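Got your viewer open and a selection tool ready? Load the model below, and let's walk through it stop by stop.

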Amino acid sequence: MTVESRRLRKSKIVSPPKTIINDEDQALVKDENFITTKHEEYKSQIVWRNVFTMSLLHILGTYGWIAALQYGKWQSFFWLYFIGHIGGLGVQCGAHRLWTHRAYKAHWTFRVLLMIMHTIALQDDLYHWVRDHRIHHKYSETDADPHNSRRGFFFAHVGWLMVRKHPLVKVKGAQQDLSDLWNDPVVRFQRRFYIPLVLLFWGCMPVLVMVYGWNESWWIAIFGNFFRYVVSLHQAWFVNSSAHLSGHQFYDRSLQPRENYFVTYLAMGEGYHNYHHAFPWDYSASEHGWKDCFNLGTAFIDAGGALGLVWDRKVVDRKIIESRIERTGDRSIIPSSMSPKNRKPLNPILEYVYGILVTSWMLWGSLLLRAIFYKGDYNSSIVVAQM
Ligand SMILES: [Zn+2]
Ligand SMILES: [Zn+2]
């Protein structure tokens, strides 16, 4: 290996990735007219390669679901549910609350665990995930917000991944100071080895566990993995779409993000979104911890705290929350059951019953469907496997 190529290899590790802004984008964002008026008329430019990839992913996932319903082992459904939510926790507790918002500090072992869990979810590497989420908060509901909900439900949910980024998203993203992120060797390691890590943790590991764990067929294991991936993507995307468009604005009526219970239950506690945009540094992303409300992300971080691997968990002082509600919120719209004064002893139990039911829809829904439609088929496949 020459000195030059060694230097090049090294530079990939030591220098953060750069966003290349072309002249056309530069000219657009420097144009006063574009900023003040023309951006309202900005026409999305479809990236057909992304449309094709996204469509193919959904076809493979749907095929995997139907195949697993007919011939999959019951253990595979539990595993796909489990691994999908492990990835979800990696995004929620790692990319989101730790690396984007710096809402707590964690030992390197916990950060490595979160990085692996985040890789299982395959939602781009931490560096790019965090950059996009920081500008989402800083420029919410503007053209510089990557999934600007003012462009409609579909755009905020998945459409933003199928069109060319708005020039302001690129420019503002490139202007972000992400040095704190790049100073973390765990983030640099994931960025440097992202493709092999994805192949290992997103692809091989979930499939091999099914094949060698309970003798699942390769076919079902591979396509079933696509199914869990598509489901977990949608569960995360609902935070950008539903939790920005429906629900109530208890803490700040000027903020578009909402408290959305459907998303809270579906995304393991990420739907307290009006609160989260009002107080993004709260490690719980909610006024309530995991004991009172369904919030598996907070429970996971607190488990790390109990093991001594997590510290400096930031919370917002009760007085600050109350004064914010007085100034900008609307007490009249919150369901009385959510008010701390009206909480009943049964509420936390009900929260977890609702939460587990909604977040595990893929598990019980699949088992129910195959019991109704494919009883004969999967019974015979079990018999064949036992022979
Ligand atoms: Zn948001
Ligand atoms: Zn956030």
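What follows is a short tour, one selection at a time.

**Before you click**

This is a predicted model: local features need pLDDT of at least 70, side-chain atom pairs count only at pLDDT 80 or more, and totals for chains, interfaces and linings use all residues. Residues are numbered from 1 along each chain as its sequence is written, while chains are lettered from A and ligands numbered from 1 in the order in which they are written.

**Stop 1: the whole chain**

Colour everything by pLDDT, the predictor's confidence in each residue, from 0 to 100. The mean for the protein chain is 88, with 85% of residues reaching 70 or more. Now select 379-387: here the pLDDT is below 50, and the stretch has two contacts in the model beyond near neighbours in sequence. (Two residues are in contact if their C-beta atoms, placed from the backbone, lie within 7 Å.)

Of the 387 residues, 40% are buried. Buried takes 20 or more other C-beta atoms within 10 Å of the residue's own, exposed 12 or fewer, and partly exposed is in between, with C-beta atoms placed from the backbone. Among contacts between residues at least 6 apart in sequence, 72% join residues at least 24 apart.

**Stop 2: the annotated spans**

An unreviewed UniProt entry lists "transmembrane region" for residues 46-66, 78-99, 193-212, 218-239 and 352-373. UniProt positions are in the numbering used here, feature names are shortened, and annotations may be inferred rather than shown by experiment. Then try 218-239, which is 100% helix and 0% strand, with 33 Å between the end C-alpha atoms.

**Stop 3: H6 crossing H12**

Select H6 (108-121) together with H12 (194-214). Two packed helices are described by the angle between their axes and the distance between the axes. How close do the axes of H6 and H12 come, and at what angle do they cross? They come within 8 Å and cross at roughly 80 degrees. Axes are lines fitted to C-alpha atoms, for helices over the stretch in contact, and angles run from 0 to 180 degrees between N-to-C directions. H6 and H12 are therefore roughly perpendicular to each other; that label covers 65 to 115 degrees, with under 35 roughly parallel, over 145 roughly antiparallel and the rest oblique.

Show side chains for Ile116, Thr119 and Ile120 of H6, which meet Leu197, Val198, Phe201 and Trp202 of H12. The residues of this contact divide into six nonpolar, one polar and no charged. (Ala, Val, Leu, Ile, Met, Phe, Trp, Tyr, Cys and Pro count as nonpolar, Asp, Glu, Lys and Arg as charged, and the others, Gly among them, as polar.)

**Stop 4: two loop residues**

Most residues other than glycine have a negative phi. Select Asp124, in the loop between H6 and H7 (126-138): its phi is positive, about 70 degrees, although it is not a glycine. Asp124 is partly exposed, because 15 other C-beta atoms are within 10 Å. Next, pick Glu141, in the loop between H7 and H8 (153-157), where phi is positive at about 60 degrees.

**Stop 5: H17 and Ile301**

Select 296-306, helix H17; its buried residues are Leu296, Gly297, Thr298, Phe300, Ile301 and Gly304. What do they pack against? Look for H5 (74-100), E1 (105-106), H6 and E2 (310-311).

Zoom in on Ile301, which counts as buried because it has 28 C-beta neighbours inside 10 Å. Leaving out residues up to four places away in sequence, Ile301 touches Cys93, Arg97, Tyr104, Tyr283, Val310 and Arg313. Draw a distance to Leu89: it is 212 residues away along the chain, but the C-alpha atoms are separated by 9.6 Å. Just after H17, Gly308 takes a positive phi of about 80 degrees.

**Stop 6: Tyr265**

Finish in helix H15 with Tyr265, buried with 22 other C-beta atoms within 10 Å. Beyond residues up to four places away in sequence, Tyr265 touches Phe294, Tyr354, Gly355, Val358 and Thr359.

Notes:
Helix = DSSP H or I, 4+ residues; strand = E, 2+ residues; numbered from the N terminus.
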